[in-house]
Amino acid sequence: MANLVRPHGAASLRPLMPEGEALAAARERADRLPAVQVTSREAGDIVMLGIGGFTPLAGFMGEADWHGVCDEMRTADGLFWPIPITASVDAGTAGGIGIGDEVALTGPGDAAPMAILEVSEKYTINKAHECRSVFRTTDAEHPGVRMVMEQGEVNLAGRLTVLSAGGFPEEFGALFLTPAETRARFEANGWSTVAAFQTRNPMHRSHEYLAKIAVETCDGVLIHSLLGNLKPGDITASVRAHAIDTLIERYFVANTVMHAGYPLDMRYAGPREALLHALFRQNYGCSHLLVGRDHAGVGDYYGPFDAHRIFDEIDAGALETKPIRIDWTFWCARCGQMASMRTCPHTPEDRLLLSGTKLRKMLSEGEEVPDTFSRPEVLAILREYYEGLSAEENVKVELKGHSGA
């Protein structure tokens with residue numbers, strides 16, 4: 001019997017979505033409640049709360065929890081948590097909601113209620129303080145900072161009853177797995193130690209190398225793809241999934257790797273997001289998290305290994321899921337293989353440094369990408385995607401220039 005890590009802060013998973021008749025009754029009740037629309041980020045958080053990915057949280061955080069998480073990465077009752085999980089509305093909407101009221105939360109562009117929030121608290125926050133704490137910057141060019149600064153003025157806190165998975169199961173099918181489902185599959189495989197590989201990009205040779213390091217040291221690897229919103233220019237989840245599944249099929253030993261997706265938007269919080277990634281992977285049953293260069297970073301806001309160091313800054317018992325820290329990885333022409341700074345003695349001129357940003361740039365500009373950068377089967381999928389984007393852009397240009405005469 002597999003002996004998986006325990007869920008974070010609890011003896012068992014705590015999903016907030018009821019089942020059967022209770023779910024049907026809650027949905028019927030939600031239809032009679034005033035509706036409040038949430039952002040894409042908040043919708044993803046609702047789904048994670050619903051499926052138990054944010055165990056043991058019972059809903060959106062109140063002011064004391066917000067302060068504790070921002071300043072000490074602890075909720076008011078001492079639970080380790082690195083990033084606030086909150087929902088906000090504009091002041092006018094907040095004024096029409098009383099403490100103790102129930103409201104139906106709807107996703108962006110969707111009238112169907114995702115959850116019922118029992119409002120226990122309304123409070124305003126210092127958004128700049130949250131940004132400095134979580135993102136280490138208040139620069140409006142940072143996509144995470146921009147999300148916080150553009151959110152409503154008033155946070156609503158309270159217990160959630162989640163009513164749906166927000167369309168993720170319908171859109172992504174078998175790729176969308178809950179923590180209970182990944183745990184069941186790990187146990188069926190006999191896996192006790194499982195390394196999570198976080199990705200928002202198609203996997204190039206460096207990613208493949210990292211995953212195979214984990215295969216050597218753990219029972220199995222969960223390649224865990226982000227299914228929520230990204231920043232402009234990132235590759236869509238469906239294309240990434242196709243590329244990753246092809247890589248697994250062609251280049252990994254059977255039953256050593258599992259591919260699944262999770263419903264969050266990227267926050268681009270670098271080190272703090274690395275901690276959140278480890279925390280909810282613990283709920284999914286993973287004992288380890290692969291942490292490479294600039295994990296969950298964007299631009300030049302974080303040092304390449306800040307996400308490594310932050311795991312040494314938290315209490316030893318804060319998380320059961322531990323990091324597997326990986327140095328710079330690259331293709332070395334003289335070694336004739338993938339290597340890292342710890343294993344390759346050669347010069348920078350011999351090394352092809354790999355990154356998702358560089359790969360996207362090369363593909364979008366039609367450059368030739370060597371097989372030492374990414375597997376040919378993966379490159380074929382990505383070239384087809386970028387050729388489609390180019391064709392779509394050409395159509396837009398033609399339409400823009402059409403006078404209608």
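Residues are numbered from 1 along each chain as its sequence is written, and side-chain values use heavy atoms, with hydrogens and water left out. As the model is predicted, local features need pLDDT of at least 70 and side-chain atom pairs count only at pLDDT 80 or more, whereas totals for chains, interfaces and linings use all residues. The pLDDT is the predictor's confidence in each residue, from 0 to 100. Its mean over the protein is 92, and 96% of the residues reach 70 or more. Over residues 393-405 the pLDDT stays under 50, and the model has 0 contacts there beyond four places in sequence; contact means heavy atoms within 4.5 Å. Where pLDDT is low, the predicted coordinates should not be read in detail.

Helices (H or I, at least four residues) and strands (E, at least two) are DSSP runs, numbered from the N terminus. Two strands pair if DSSP finds at least two bridges between them. Strand β6 (residues 154-162) has 7 of its 9 residues buried, where buried means under 20% relative accessible area, exposed means over 50%, and partly exposed lies in between (1.4 Å probe, protein chains only). Strand β5 (residues 113-124) runs antiparallel to β6 and is joined to it by 9 bridges, with glutamate 121 opposite alanine 157 of β6. Strand β3 (residues 87-89) also pairs with β6 in the antiparallel sense, over 3 bridges, and valine 89 stands opposite valine 154. Strand β2 (residues 59-60) forms 2 antiparallel bridges with β6; here phenylalanine 60 faces glycine 158.

Parallel pairing is found around strand β10 (residues 288-291), which has 2 bridges to strand β7 (residues 194-199). Alanine 196 has leucine 289 of β10 as its bridge partner. Strand β10 also pairs in the parallel sense with strand β11 (residues 322-325), over 4 bridges, and valine 291 stands opposite arginine 325 of β11.

A nonpolar core is a set of buried Ala, Val, Leu, Ile, Met, Phe, Trp, Tyr and Cys residues joined through side-chain atoms within 4.5 Å. The largest such core has 82 residues, of which Ile46, Phe54, Phe60, Trp81, Leu105, Leu160 and Phe311 touch the most other members. Helix α11 (residues 271-284) gives the most to this core, with 7 residues. A second, separate core has 31 residues, including Ala211, Met362, Ile381 and Tyr386. Beyond four places in sequence, phenylalanine 311 touches Ala274, Leu275, Ala278, Leu289, Val291, Leu319, Pro323 and Arg325.

Valine 36 lies in strand β1 (residues 35-37) and is buried, with a relative accessible area of 8%. The C-alpha atoms of valine 36 and leucine 105 are 5.0 Å apart, although 69 residues separate the two in sequence. Histidine 8, in the segment before α1 (20-30), counts as buried at 3% relative accessibility. Its contacts beyond four places in sequence include Thr55, Pro56, Trp81 and Leu319.

Rings of Phe, Tyr and Trp (its six-membered ring) pair if their centres lie within 6.5 Å; planes under 30 degrees apart count as stacked, over 60 as edge-to-face and the rest as tilted. By this rule the count comes to 9 aromatic pairs. The ring centres of phenylalanine 186 and tryptophan 191 are 5.7 Å apart and the planes are at 25°, so this pair is stacked. Both residues of the pair, phenylalanine 186 and tryptophan 191, are buried. One aromatic cluster is formed by Phe54, Trp81, Tyr262, Phe280 and Tyr284.

A charge sits over a ring if NZ of Lys or CZ of Arg is within 6 Å of the ring centre and within 35 degrees of the ring normal. Arginine 281 lies over the face of tyrosine 262, at 4.8 Å from the ring centre. For arginine 375 over tyrosine 251, the distance is 4.0 Å.

A cis peptide bond, with omega about 10°, joins threonine 55 and proline 56. Proline 56 is in the loop between α2 (40-51) and β2. Arginine 136, which is not a glycine, has a positive phi near 65° and is partly exposed, with a relative accessible area of 42%. Tyrosine 268 likewise has a positive phi, near 60°, but is buried, at 1%. Tyrosine 268 lies in the loop between β9 (257-262) and α11.
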